[in-house]
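Q: Pick one part of this model and give me a close look at it. Then tell me how the rest of the chain is put together around it.

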Amino acid sequence: MEYPQESFVNTTFTPGSFWARRREIVRAQTLRHQLEMLKKTGRYEAFKLEWHPSYSDPPTVYPVPNHQFWDSDVAKWIEGACYLLTDHFDAEIDEAVQELVRMIQGAQQGDGYLNIHYSVVEPGKRFTNLRDMHELYNAGHLIEAALAHHHFYKNDKMLAPILKYVDLLSRTFGSSESQIPGYPGHPEIELALLRLYKVTQDPKHLQLARFFIEERGNPHGGKEKRHFYDVEREARGESEHDLPMCYPAARSYWYQQAHTPIINQETIEGHSVRAMYLLTAVADMIRISDPSPDAASELGSKYLLALHRLWSNMIEKKSYVTGGIGAMKKWEGFGIDYFLPHGTDEGGCYAETCAAIGVMMLAERLLQIELKSEYADIMELCLYNAVLTGMSLDGKAFTYVNQLASSDEDLSQRHEWFECACCPPNVTRTLGFLGGYVWSQRIKESEKAASATAIVNVHLYTSATLRLETKGCKSGTIQIIQKTDWPWNGDVDFNISAEDSESESDAELELELRLRIPGWASGSWEITPRPNKITIHDGYLYLDKNWIREHPKFRFSCPMQARIVRPHPLTMQRVAYITRGPIVYCVEDIDHPWEQDHFKRIVFDPKAALQEEKRSDPDAYVAIIAEKAALGQLDTSAWDGKIVAGGEGGGKDTLIGESRDLCFIPYYLRANRGGRGQMRVGLRVL
Ligand SMILES: [Zn+2]
């Protein structure tokens, strides 16, 4: 079992390539910019446990204090910094990490407790509001930061205090008489504890994670045999009608995926980041407790079935063309099936950057349980569209919400930071360990002693090199090089070699390779030279070791061309999107200075000729020019002064104005070239 947060070190992105350049910007610009923001806002020094004036601010999202997440903002930055330091040591960043770790050590209480808010603002009230407060969420991010710190620095300066804190949590939470039978309102600590367990092999860590997951939503929990959040609320002296701002009604525990135990949940509900972090942990729990789960195994029959059900509901009925999830602003999460409005003045669209990062995390865990291209397709879709769009080209401005259409209330634009700053450092850490998402690997032991085969699954295509030390294999060190101009060109040249690490001579390749066939390329992909027998399982092309030995250099091609795609008819939206390979496109006002109404009245001709245009400013990309594709503007004068119009024949769509060309650019590139912030992904078709 492996985690991308560890395996990423085996991957080197080829200098100058798509992801190498993005990661270089994150390393050189984003880390520094975010460090500056941590300092400017008071987060950097918050672990000194001194009062900060903002602690008196009324909460923007009642009842959660605005500074509640500060621990996690710092932790995510440390985590991202540790991944990026692995590539390139940077004294200034290193010094800041070390100083933060010293402050974290200093903030720990004698019994191990470690949290800014409950040490400074509400001492004595720790663990009294798991439903709303982010104590355990923060603890989870501190664990993840400590693991990244330990991985890079090879010391226990951060891990030791965090282990002491986890010991306290293990004593505090559980099902015995003296313990709190509760679980966090915002999942995160579960997946962090499972990662921690891999390093420590301490059964307490696995046990606590399993308790939080398995107890969640139990209507008969604890000694009172009631829902924990009811018991906890009454203990605080609150009425069930004293609603958190995100709740539309009393006891809306679906907001936290705690309305019923996970194994009984039929549809994906509530806050989308919480849902993704929780299900990622569920996938991990299955993988750790039952290395080859299936529907017949104990955990598989309960939790794997639930994962399949919730994943399918999300992907088939509650996600956007960009991979973004969450239509509802009020609870930052899922709406009803097929309710997927594109922008604020159409009824919503949230698609938080962190949620898309969560989808990638979940997809990666599911891929490790079952190698199916449908998971990797979504992982790639989210990466290039819903995640990458969260950061500007210069790495210093971010989005939290990623709508598919702008409006006067919500223009398409980025900000240097947010009061609740979860997304910016989340992008940083994700790009930090991105190499771990490109491929996964394991060693298959053979019955014959001293013989083993390396298996590498290629999920993403990009110019990069994987170096794999294969203990127990004759291959020594296997090197796999991908060379490609993905996502603009679908030709990928593979070059595979093996080196005996002792003699530094060539070794015999003991490698099986599995290549993901992207869903959008099905039927049009090619491999050269072509194997006599093509073996495909669940969307992956299997190349056996004999073929690889004979053809260590080969080309895999997935022709990329602009496609018109449409949303499910039950969304009741007659719009068309343009995609090309993994990239989703949008239109922006800067290319269409005549546009005044966020492209709402444009009627698009899906049969228009689409011309590709390679551009290099502000970055290299392929634009798509749709000739005379804007057939004109919809004439709405028949509705002037009324909400319905028609009559005999039902009324007609009338167009006014001339046909115009439309210029589509990748959605992730939006809001990088100036303009008025008008943007749209899906255009009306008749
Ligand atoms: Zn976020």
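A: Let's start with what sits over helix 8: the cover on its buried residues includes helix 6 (135–153), helix 7 (159–172), helix 9 (203–215) and helix 11 (272–289), judged by contacts (C-beta atoms, placed from the backbone, within 7 Å). Bear in mind that this is a predicted model, where local features need pLDDT of at least 70, side-chain atom pairs count only at pLDDT 80 or more, and totals for chains, interfaces and linings use all residues. Residue numbers start from 1 along each chain as its sequence is written.

Helix 8 itself takes in residues 189–200, so to speak a 12-residue piece. From first C-alpha to last it reaches 16 Å, close to the 16 Å expected (1.5 Å times one less than the number of residues). It's mostly covered, with 9 of the 12 residues buried (20 or more other C-beta atoms within 10 Å of a residue's own; exposed is 12 or fewer, partly exposed is in between, and C-beta atoms are placed from the backbone). Look along the helix and you'll find Ile189, Glu190, Leu191, Ala192, Leu193, Leu194, Arg195, Leu196 and Tyr197 buried. After the helix comes Gln201, and its phi is positive, near 55°.

Now zoom out. The protein chain holds 17 helices and 21 strands (DSSP runs numbered from the N terminus: H or I of at least four residues for helices, E of at least two for strands). Across its 686 residues, 47% count as buried. The C-alpha atoms fill a box of roughly 75 × 70 × 50 Å along the principal axes. Take the contacts with a separation of 6 or more, and 69% of them come from residues 24 or more positions apart.

Just past helix 2, Gly42 has a positive phi of about 100°.

Strand 1 brings us to the sheets. It belongs to an open sheet of 6 strands in the order 1-4-5-6-11-8, paired antiparallel (pairing takes at least two DSSP bridges between two strands). Strand 1 (11–13) and strand 8 (526–528) are at the edges with a single partner strand each, so one side of each has no neighbour in the sheet. The antiparallel strands 8 and 11 (553–557) are joined by 3 bridges, and Thr528 is opposite Arg555 there.

Strand 10 (540–543) pairs antiparallel with strand 7 (511–516) over 4 bridges, where Arg514 has Tyr542 as its bridge partner. Strand 10 also pairs antiparallel with strand 9 (535–537), over 3 bridges, with Ile536 partnered by Leu541. Strands 9 and 10 make a hairpin with 2 residues between them, and Asp538 in that turn has a positive phi of about 45°. Further along, strands 16 (610–615) and 17 (621–634) are joined antiparallel by 6 bridges, with Glu612 opposite Ile624 and a hairpin of 5 residues linking the two strands.

Conventions. Contact = placed C-beta atoms within 7 Å.
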